[in-house]
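Me: I'd like to go through this model and check the labels one at a time. Can we set the values against the cut-offs as we go?

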Amino acid sequence: MGRHNSTVTKKQKRRRRIFWFAIFPLLLVAAVSASYGTYLYKKAENMMSGSFFDDRGKSDLREKKVDPHIDNVSILFIGIDESKKRGFSDNARSDALMLATLNEKEKSVKLLTIPRDSYVYIKEVGYNTKINHAHKYGGPRATIETVEDLLEIPVDYYVRLDFEAFMAVVDALGGIDIDVPYAFSEQNSKDKANAISLEEGWQTLDGEEALALARTRKLDNDIERGKRQQEIMKAIAKKAASGASISKYGKVIDAIGENMRTDMTFDEIKAFIDYAVAGDLNIEAYTLEGQDTRIMNSQGQNIYYWQLDEDNLAEVKGKLKEHLDIATYDNTEMAKPADHEEN
């Protein structure tokens with residue numbers, strides 16, 4: 001797995017005075033744009049209208065649909081490694097999964113990174129495999145269902161964004177400043193091997209370079225990659241929140257709208273402006289702990305998975321339920337045979 005030990009990783013807790021951008025900077029640009037005149041407001045509203053897709057109404061774990069103006073809510077962010085070259089397939093595997101829970105009264109956020117290779121039960125197909133396969137089997141709906149089964153909490157909203165948008169937003173902002181942890185070479189968005197080479201240290205990255213940093217795990221593992229993705233989001237946050245970036249919001253909105261799908265309306269998204277202006281916003285970031293494992297599948301292949309630590313999983317579930325102020329529910333679908341089929 002490279003030079004870094006891939007044993008249990010400690011969850012990281014951070015308290016920073018930053019915008020809600022730190023959780024999902026691209027999305028909030030649409031809401032904050034409402035503060036900068038009719039043109040951007042209308043542009044953001046039109047973008048969200050074109051990106052809206054809701055085929056479930058509400059979480060099955062809620063008695064009624066939540067209102068983010070008054071309720072605690074959760075949002076699942078699904079990063080998809082697809083592009084125009086790949087045809088924007090709805091059957092692509094997810095490359096990044098992050099769940100944010102928002103406490104309306106406290107104006108606090110908990111952000112959980114779910115490793116893409118986590119070995120979990122996927123109801124859509126009826127066996128255990130990597131969690132990133134859920135999107136391949138059933139798109140956002142199957143991914144949401146899998147996360148709800150794993151964490152035993154409702155997923156109220158989702159945002160699916162592909163990497164074309166990620167690169168376009170970074171470029172629209174004029175690049176991001178970030179500390180690259182080590183020198184490496186990685187393929188570019190067109191899958192050309194070793195097309196991107198970065199040195200260790202602080203530097204300004206364009207969209208292709210930022211994507212390479214977000215994707216690589218040649219010298220570490222999926223857990224470390226999740227941490228890097230959180231740092232990249234913060235770097236985008238810092239750039240997007242700066243006054244100098246206001247003039248670039250139009251291009252950012254264009255980049256988001258062409259490559260995003262969500263079941264949040266524009267009015268619902270505007271509810272999160274309160275978090276953006278909350279001041280000393282309390283943000284806690286977590287990663288599901290576990291260990292490397294290999295399991296033989298039915299084809300005789302020895303497949304790598306991230307085996308979740310049950311004690312840590314229970315602890316994280318408890319914290320998220322408490323943050324959302326919901327009671328534990330009895331999920332009878334969790335106890336399924338640990339069968340697996342795909343690598």
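Me: What makes Tyr 137 count as buried?

Reply: Keep in mind that this is a predicted model. Tyr 137 has a relative accessible area of 19%, and buried means under 20%, so Tyr 137 is buried.

Me: And why is Tyr 127 called buried?

Reply: By that cut-off again: its relative accessible area is 12%, and the limit is under 20%, so Tyr 127 is buried.

Me: Why are Tyr 127 and Tyr 137 called an aromatic pair, and what makes it edge-to-face?

Reply: Two values matter here. The ring centres lie 6.5 Å apart, and rings pair if their centres lie within 6.5 Å. The planes stand at 80 degrees, and over 60 counts as edge-to-face. The count of aromatic pairs comes to three.

Me: Which parts of the chain does the pair tie together?

Reply: Tyr 127 lies in strand 6 (residues 127-130) and Tyr 137 in helix 3 (residues 133-151), so the pair links parts ten residues apart in sequence.

Me: How do you know that Lys 130 lies over the face of Tyr 305?

Reply: The distance from the ring centre is 5.8 Å, and the cut-off is within 6 Å, along with an angle within 35 degrees of the ring normal. Lys 130 is listed as lying over the face of Tyr 305. Arg 261 does likewise with Phe 53, at 4.6 Å from the ring centre.

Me: Why is helix 5 described as largely enclosed?

Reply: Seven of the nine residues of helix 5 (residues 207-215) are buried, so the rest of the structure largely encloses it. Among those buried are Gly 207, Ala 210, Leu 213 and Arg 215.

Me: What makes Asp 206 a cap for helix 5?

Reply: A side-chain oxygen of Asp 206 lies 3.3 Å from the backbone nitrogen of Glu 208, and a polar contact needs N or O atoms within 3.5 Å. Asp 206 caps the N-terminal end of the helix.

Me: Which residues touch the most other members of the largest nonpolar core?

Reply: That core has 54 residues, and the list includes Ile 75, Phe 166 and Ile 232. Helix 4 (residues 163-172) supplies the largest share, seven residues. Ile 232 touches Phe 166, Ala 210 and Leu 213, among others.

Me: How much of the whole chain is buried?

Reply: Buried residues make up 56% of the 343 residues. The chain has ten helices and 15 strands.

Key
Residues are numbered from 1 along each chain as its sequence is written. This is a predicted model: local features need pLDDT of at least 70, side-chain atom pairs count only at pLDDT 80 or more; totals for chains, interfaces and linings use all residues. Side-chain values use heavy atoms; hydrogens and water are left out. A nonpolar core is a set of buried Ala, Val, Leu, Ile, Met, Phe, Trp, Tyr and Cys residues joined through side-chain atoms within 4.5 Å. Buried means under 20% relative accessible area, exposed over 50%, partly exposed in between (1.4 Å probe, protein chains only). Helices (H or I, at least four residues) and strands (E, at least two) are DSSP runs, numbered from the N terminus. Contact means heavy atoms within 4.5 Å. Rings of Phe, Tyr and Trp (its six-membered ring) pair if their centres lie within 6.5 Å; planes under 30 degrees apart count as stacked, over 60 as edge-to-face and the rest as tilted. A polar contact is a pair of N or O atoms within 3.5 Å; within protein, one must be able to donate a hydrogen and the other to accept it, and residues adjacent in sequence count only if both atoms are side-chain atoms. Lists of a residue's contacts leave out its neighbours within four places in sequence.
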